[in-house]
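Here is a short briefing on one protein chain. Take a look at the model first, then read on by topic.

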Amino acid sequence: MKKVLLSAVAVMAFMSVSAQETRFGVKAGANLSTFTGDVDDAKSLVGFHVGGFAEIKLTDKFAIQPEILFSTQGSKQEGSDLFGSYENKVNVSYLNIPVMAKYYVAEKFSLEAGPQIGFLLSAKSKYEETVDGEKYSEDIDVKDGFESIDFGVNFGAGYDFTENLSVGLRYNLGLSNINKNEEGDNAKVKNSVFSLSVGYKF
């Protein structure tokens, strides 16, 4: 992980030398995430992200934007039977490092795309079941069941309200199987995350 971070810093420093302008900022917002693949009845889970970025303008219309974000994601399953109802939430948190290529199609409106690497920080399952009016719950650490690194690609758009304040919409398509397959388990599970964020450039 240290090597990846050092490499990212080196790339940012190289681009900053040839950049027309580099601006740093912070961003935060909401996530709507789920798991895709070999998952039955997966439903979306609301989370959040927060972090910082550097917008490195290479031309008037083109910029590179590396980011470092803390992101809470996951999915939930729910259902019912003759005995009662249940809900299982799996909450995962990542340190995500996307590197976005931004193209300003208009003065304030940009389109973006780029790769992302995510480092798993935690994974917890909360199972709740209601039987005959009685509610039972259990919290389990399930980090050992997930791969520690996730690769994905992002697509999005942004709008600058002012020179400092902006809003962005992004979709993260997970490419990696995040399920740490045990013997006899070939299930494939991937992240899928929609994000709405507000950013502030200094």
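Strands, as named here, are DSSP runs of E at least two residues long, numbered from the N terminus. By that numbering, S3 gives three residues to the lining of the second largest pocket, the largest share. The model is predicted. Its chain has one helix and nine strands.

**Overall build**
- The order of elements from the N terminus is α-β-β-β-β-β-β-β-β-β.
- The chain has 202 residues, and 37% of them count as buried.
- Take the contacts between residues at least 6 apart in sequence: 61% of these join residues at least 24 apart.
- The accessible surface is about 11500 Å². Carbon and sulfur atoms account for 60% of that surface.

**The cavity**
- How many cavities of 30 Å³ or more does a search of the whole structure find? The search finds one.
- The largest cavity has a volume of about 330 Å³.
- Its lining is made of 31 residues, and Lys27, Glu67, Glu112, Arg170 and Ser197 are the closest to its centre.
- By class, the cavity lining holds 16 polar, eight nonpolar and seven charged residues.

**The largest pocket**
- The volume of the largest pocket is about 280 Å³.
- It is lined by 13 residues. Closest to the centre are Arg23, Lys57, Glu107, Asp160 and Lys201.
- Strands S1 (21–37) and S2 (45–57) each supply at least two lining residues.
- Which classes make up this lining? There are 10 charged residues, two nonpolar and one polar.

**The second largest pocket**
- This pocket holds about 220 Å³ of space.
- It too has a lining of 13 residues, with Phe35, Val39, Gln77, Val90 and Val189 closest to the centre.
- Strands S3 (62–80) and S4 are the elements that give two or more residues to the lining.
- The lining residues divide into six nonpolar, five polar and two charged.

**The largest nonpolar core**
- Nine residues form this core: Phe35, Val90, Val92, Tyr94, Leu120, Ala123, Phe146, Ile178 and Val189.
- Strands S4 (84–104) and S5 (109–131) each supply at least two of the core residues.
- S4 gives the largest share, three residues.
- Leave out neighbours up to four places away in sequence, and Phe146 touches Phe35, Val90, Val92, Leu120, Ala123, Ile178 and Lys180.
- Phe35, Val90 and Val189 belong to the core. Those three residues are also among the ones closest to the centre of the second largest pocket.

**Ala63, a residue in strand S3**
- Ala63 sits in strand S3.
- Is Ala63 buried or exposed? Its relative accessibility is 0%, so Ala63 counts as buried. The cut-off for buried is under 20%.
- Beyond residues up to four places away in sequence, Ala63 touches Glu55, Ile56, Lys57, Leu58, Met100, Ala101 and Lys102.
- One of these contacts, Lys102, lies 39 residues from Ala63 along the chain. The C-alpha atoms of Ala63 and Lys102 are separated by 5.1 Å.

Definitions and conventions: Residues numbered from 1 in each chain as written. Predicted model: local features only at pLDDT ≥ 70, side-chain atom pairs only at ≥ 80, totals over all residues. Heavy atoms only, no water. Core = buried A, V, L, I, M, F, W, Y, C linked by side-chain atoms within 4.5 Å. Buried < 20%, exposed > 50% of the residue type's maximum accessible area, 1.4 Å probe, protein only. Helix = DSSP H or I, 4+ residues; strand = E, 2+ residues; numbered from the N terminus. Contact = heavy atoms within 4.5 Å. 1 Å grid on protein atoms, 1.4 Å probe; cavity = no way out; pocket = protein on both sides within 12 Å on 5 of 7 lines; lining within 4 Å. Points joined across faces, edges and corners; volume = space filled by probe spheres on them. Nonpolar A, V, L, I, M, F, W, Y, C, P; charged D, E, K, R; others polar. Areas by Shrake-Rupley, 256 points an atom, 1.4 Å probe, with all protein chains shown as cover.
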